[in-house]
2 protein chains.
Amino acid sequence: MVTVPSAPRAASAGDLLQLLRDGEPRTKAEIAALTGLSRSTVAARIDALLASGFAMPAGEAASSGGRRPSRVAFSPLSRLVVGIDLGATHGVVALSDLAGTILAESAARLRITDGPESVLDWAVGETLELLADVGRDADDVLGVGIGVPGPVEHDTGRPVNPPIMPGWDRFDIPAFVRRRLPVTVLVDNDVNVLALGEQAMFWPDADDLVFVKVSTGIGAGVIMGGRLQRGARGSAGDLGHVRVPVTDGAHSPDLEAVASGPAIAASLDGSTSEDVIAAVRGGDARAAEAVRQAGRDVGEVLAGVVNLLNPSVIVIGGSITRAGEHLIAGVREVVYRRSIPLATQDLTIAPSRGGESAGALGAAIMAIDATLDAESVDAIVNGRF
Amino acid sequence: MVTVPSAPRAASAGDLLQLLRDGEPRTKAEIAALTGLSRSTVAARIDALLASGFAMPAGEAASSGGRRPSRVAFSPLSRLVVGIDLGATHGVVALSDLAGTILAESAARLRITDGPESVLDWAVGETLELLADVGRDADDVLGVGIGVPGPVEHDTGRPVNPPIMPGWDRFDIPAFVRRRLPVTVLVDNDVNVLALGEQAMFWPDADDLVFVKVSTGIGAGVIMGGRLQRGARGSAGDLGHVRVPVTDGAHSPDLEAVASGPAIAASLDGSTSEDVIAAVRGGDARAAEAVRQAGRDVGEVLAGVVNLLNPSVIVIGGSITRAGEHLIAGVREVVYRRSIPLATQDLTIAPSRGGESAGALGAAIMAIDATLDAESVDAIVNGRF
């Protein structure tokens, strides 16, 4: 289909807010000149944005004579969003302004296996406490983004057969959260929100980025053409069930069966990712080599991903990276050898640096993207005024 | 990075043309209401589009009294684009209007190995003849899209180490074509233009589509989120060098080494794809099974692609499909068994139906997308008037 790009549409208040979201203060005359809208239309829309708080006065511009024209600017603090990142054994709740700046954050150890009511009650409770800490209240919240450690039907926000989340299957997370925070709630798997967070923090110019999490499971967040790609049914990124090409042996295994934390642990007669990390940190050479081999296995699969998608950045995260450089060294060893030269020429393979904050930030960004578009802003502006 | 969507910009004539590209006739008053632009701005911009030919008068609207307001509409025939699809042994040249409707087409057997001057001279010559046939001339051409059977640096339009195109390495295709057709010239590999063409013809609603060509080589065109994804350096889609997971055997081969036309032929003591097709058509059961096994090998790699990208449609094309259903049967057999259920739930695996026209249409669409955006239209509108 021929792509029809960027058709101008009725320039609503919400549309003008998009223009202001770059943070630049502008006069109404400048906005009229930029958009071709009439002065009276611009004045009415900007007044609505000022009344709703999305825009704020931002001083005066120089005048060529007469009264100085006043400037308006985006007000990122006019509303807040909440980013929640839930892992198997941790949770992070972050308050963010509308520009993706984290204002307050709270982290705790928890067990996802305690089930949705208990875990989400904690997360909502933390949200309300953080709001109180920064002197805001629940009415200021525009949306909530949540990352969970399992597959999610993104349209409905329900986990689907999540292997390590007993009690969460098909649980209506948005409905539960909305009982206490009646706003837009978006849910995605933790790897996708990590990809969004890492990109925002460290790779804002990378349009084609693959984030790989190697932990209890193995998954990827795929950003292509500047956008997170979830695929037709939202299941994109399932790297753990991709089979590993082999050089010797009789059967290509699923990646997760050889390179996940439990798989590495099993090869060392341990049982968890923590056992592996402890062994490597304790100087166990056999454990270090097992992690490096897991990295090679991940690299065998990523070599195919690189040939298929030609990303500029691959970020390796997840708990196994806490065992040091062995994992990423194994990945690099294989990807640079196996992928075609044109695809690896400018390829960076980097460790995740965002830590636990990246997931919560990514979840907040998901909420901003979903609630600050022109239509959503118009609904608020028109509903209230 | 927080995505800032659809900021309104100076609504130029080119912007208003995007609005009209849906084909709907509109009055100036309707356009003013739709865009929020002043009547005088709309009048000036529409006059410019009428003068440049991109828009045309389209009758009168009903009136509530007084003079009937006149309508304007997009004029897809005001300019033309050229789509050229070059294969190893064939070439297709198509003239298309600005809505992607093919007006005239010419196909020929040729040898890509004759080198760029000879092949491109033929293509430009055919273009000029087709233009004469439809009573237009070279000044009406806005852009040329070209697909070639090898890797291309999309930004410069130069083939890069193309294995079956001796004499074409680093050849400046756009500069050569522009000597006789001084317009925008875009070059991409044949699989990407086939993906664009097949999507336009048969799958306009599929935002996530992978086109796979199994022929002398094996490659893919990856459409995700509604857009062709070329990756960071334009090399995305290199499926032929992805290794095949194996169930028995000591070494995972590259897909191309086992499933391309020459590889299948070699397993049958033949030498070309044509040998394979002839054998299968002649009822050779061993040849049919070899093609089916190639399909399984393609399926093994595609199972990983499905887990990673979760497309809604996979289209299988290329010369080997001319050997009947065996190839796609092998692909389906493995993909539905190996990929995760959520990813295959609504997955269609279909044979290519566009034939040789799809590539030329896809090349034309690439040219339209690159030359009919607001900025390019404005350059023409402002340059001439």
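## Basis of the description

Because the model is predicted, local features need pLDDT of at least 70 and side-chain atom pairs count only at pLDDT 80 or more, while totals for chains, interfaces and linings use all residues. Residues are numbered from 1 along each chain as its sequence is written, chains are lettered from A and ligands numbered from 1 in the order in which they are written, and side-chain values use heavy atoms, with hydrogens and water left out.

## A three-stranded sheet in chain A

In chain A, three strands make an open sheet with the order β1-β3-β2 and antiparallel pairing; helices (H or I, at least four residues) and strands (E, at least two) are DSSP runs numbered from the N terminus, and two strands pair if DSSP finds at least two bridges between them. The edges are β1 (26-27) and β2 (55-60) of chain A, each of which pairs on one side only.

Two bridges link β1(A) with β3 (residues 70-74) of chain A in the antiparallel sense, and Thr27(A) stands opposite Arg71(A) in β3(A). Helix α3 (residues 39-52) of chain A lies across β2 and β3 of chain A and runs at about 110° to β2(A), where axes are lines fitted to C-alpha atoms, for helices over the stretch in contact (heavy atoms within 4.5 Å), and angles run from 0 to 180 degrees between N-to-C directions.

## A five-stranded sheet in chain B

Chain B holds an open sheet of five strands in the order β13-β12-β11-β14-β15, with mixed pairing, and its edge strands are β13 (227-228) and β15 (348-351) of chain B. The strands β12(B) and β13(B) run antiparallel and are joined by two bridges, with Ile223(B) opposite Leu228(B) in β13(B).

Helix α6(B) lies across β11, β12, β13 and β14 of chain B at about 50° to β12(B), whereas helix α11 (residues 326-338) of chain B lies across β11, β14 and β15 of chain B at about 170° to β15(B).

## Where the chains meet

Contact between the chains involves 74 residues of chain B and 73 residues of chain A. The area buried between them (accessible area, 1.4 Å probe, lost on being put together and summed over both) is about 6,100 Å², with carbon and sulfur atoms giving 57%.

Four salt bridges (a side-chain nitrogen of Lys or Arg within 4 Å of a carboxyl oxygen of Asp or Glu) are counted between chain B and chain A. The side chains of Asp346(A) and Arg233(B) meet in a salt bridge at 3.0 Å, N to O. On the side of chain B that touches chain A, the largest share, six residues, comes from α10(B).

Terms used: Buried area is the accessible area (1.4 Å probe) that two parts lose on being put together, summed over both.
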